[in-house]
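Me: I am new to this structure. Please take me through how to read its features, one at a time.

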Amino acid sequence: GAIIDSAFKMMAESKEIDIVLIAGDVTYNGELEGHMELIEKLKKLKDAGKRIFLITATHDFGKDLKIKYKDSDKVSTMTPREILKDMYYPYGMNEALSIDEESNSYCVKLADGYRLLCLNDDRNGKGRNGYSDSTFKWISEQIDEAKAAGDYIFAMSHHPVLPPTPIYALIGKHDMLTDGDKISDIWADKGLELIFTGHSHMQNIAVKASKRGNRFYEVNTGSLVGYPCPIRSVTIDDEA
């Protein structure tokens with residue numbers, strides 16, 4: 001909690017930070033009290049004038065209503081996935097141009113000429129990380145709509161699409177987006193060339209070229225509450 005407070009205070013006081021992206025796994029195992037504590041911190045950051053876009057991920061809900069911790073008398077109330085949308089609605093989804101109700105993914109307009117896809121890849125807690133056919137169709141439609149409007153569109157999701165290290169796919173394939181190599185080709189060719197991700201607890205920027213020669217970039221950022229407590233500051237430059 002102290003680490004989050006310190007980082008949020010720095011962001012709140014910064015004149016250079018306008019928008020904050022939070023890419024899921026915001027609790028340890030979906031403890032309701034963890035969500036409540038974070039929401040209080042998010043309120044303060046939002047009251048400081050920051051726009052917050054948050055998604056949840058596989059660690060943010062639990063199937064059992066209660067969990068007892070090993071070697072402890074502590075019992076926590078788990079959070080059903082069904083209530084996460086309403087809990088975090090003020091932190092991104094309230095600005096949505098479009099919402100995919102199945103996945104709790106949404107698309108927002110950040111500024112004139114810029115859109116952000118906030119993609120929840122938890123598959124409703126069923127199966128491997130990724131998107132259903134209907135959600136993938138919705139994503140494709142959002143890319144097409146942005147391009148038709150002349151907007152640059154990029155994305156945020158939780159699980160890595162590209163391996164953050166050369167051997168990651170060998171030892172942690174289940175921790176990546178299912179069919180990420182294929183999906184990144186499709187997105188690159190449609191004009192979605194940049195995604196921000198988390199999960200891996202690593203700092204990495206990966207790039208690949210699709211079979212048609214279009215580039216796809218993934219910016220992976222480590223956990224704020226894990227050493228060395230990273231955040232990533234990004235400036236959008238129209239002339240770069």
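Reply: Start with the names: helices (H or I, at least four residues) and strands (E, at least two) are DSSP runs, numbered from the N terminus. The model is predicted, so local features need pLDDT of at least 70 and side-chain atom pairs count only at pLDDT 80 or more, while totals for chains, interfaces and linings use all residues. Residues are numbered from 1 along each chain as its sequence is written, and side-chain values use heavy atoms, with hydrogens and water left out.

Me: How is a pair of packed helices read, and at what angle do H4 and H6 pack?

Reply: Axes are lines fitted to C-alpha atoms, for helices over the stretch in contact, and angles run from 0 to 180 degrees between N-to-C directions. Helix H4 covers residues 133-148 and helix H6 covers residues 180-190; their axes lie 10 Å apart, at an angle of about 20°. Angles under 35 degrees count as roughly parallel, over 145 as roughly antiparallel, 65 to 115 as roughly perpendicular and the rest as oblique. H4 and H6 are therefore roughly parallel to each other.

Me: Is the crossing of H4 and H6 left-handed or right-handed?

Reply: A crossing is left-handed if the near helix is turned anticlockwise from the far one by less than a right angle, and right-handed if clockwise. H4 passes H6 in a right-handed crossing.

Me: Which residues of H4 and H6 meet?

Reply: Contact means heavy atoms within 4.5 Å. On the H4 side are Phe 136, Ile 139, Ser 140, Ile 143, Asp 144 and Lys 147, and on the H6 side Ile 183, Ile 186, Trp 187 and Lys 190. Sorted by class, this contact has six nonpolar, one polar and three charged residues. Here Ala, Val, Leu, Ile, Met, Phe, Trp, Tyr, Cys and Pro count as nonpolar, Asp, Glu, Lys and Arg as charged, and the others, Gly among them, as polar.

Me: What does Lys 190 contact, apart from its neighbours within four places in sequence?

Reply: Lys 190 is in contact with Ser 140, Ile 143, Asp 144 and Lys 147, once those neighbours are left aside. From Lys 190 to Ser 140 there are 50 residues in sequence, yet 8.0 Å in space, C-alpha to C-alpha. Burial is judged by relative accessible area: buried means under 20%, exposed over 50%, partly exposed in between (1.4 Å probe, protein chains only). Lys 190 counts as partly exposed because its relative accessibility is 26%.

Me: Which residues of H6 are buried?

Reply: Gly 180, Ile 183, Ser 184, Asp 185, Trp 187 and Ala 188 are the buried residues of H6. Their cover includes H4, strand S9 (194-197), strand S10 (204-209) and strand S11 (215-220). After H6 comes Gly 191, with a positive phi near 110°.

Me: How is a core read, and which residues touch the most other members of the largest one?

Reply: In soluble globular proteins, nonpolar side chains tend to be buried together. A nonpolar core is a set of buried Ala, Val, Leu, Ile, Met, Phe, Trp, Tyr and Cys residues joined through side-chain atoms within 4.5 Å. The largest one here has 21 residues, and Leu 117, Leu 119, Ile 139 and Trp 187 touch the most other members. H4, strand S8 (152-156) and H6 each supply at least two residues of this core, and the largest share, five residues, comes from H4. Not counting residues up to four places away in sequence, Ile 139 touches Leu 117, Leu 119, Tyr 131 and Trp 187. Apart from this core lies another, of 20 residues, among them Ile 4, Phe 8, Leu 54 and Phe 61.

Me: At what angle do H1 and H2 cross?

Reply: Helix H1 (residues 2-13) and helix H2 (residues 32-47) cross at roughly 15°, and their axes come within 10 Å. That makes H1 roughly parallel to H2. The crossing is right-handed. H1 contributes Ile 4, Asp 5, Phe 8, Met 11 and Ala 12 to the contact, and H2 contributes Leu 38, Lys 41, Leu 42 and Leu 45. By class, the contact has seven nonpolar, no polar and two charged residues.

Me: Which peptide bond is cis?

Reply: The bond from Tyr 227 to Pro 228 is cis, with omega near 5°. Pro 228 lies in the segment after S11.
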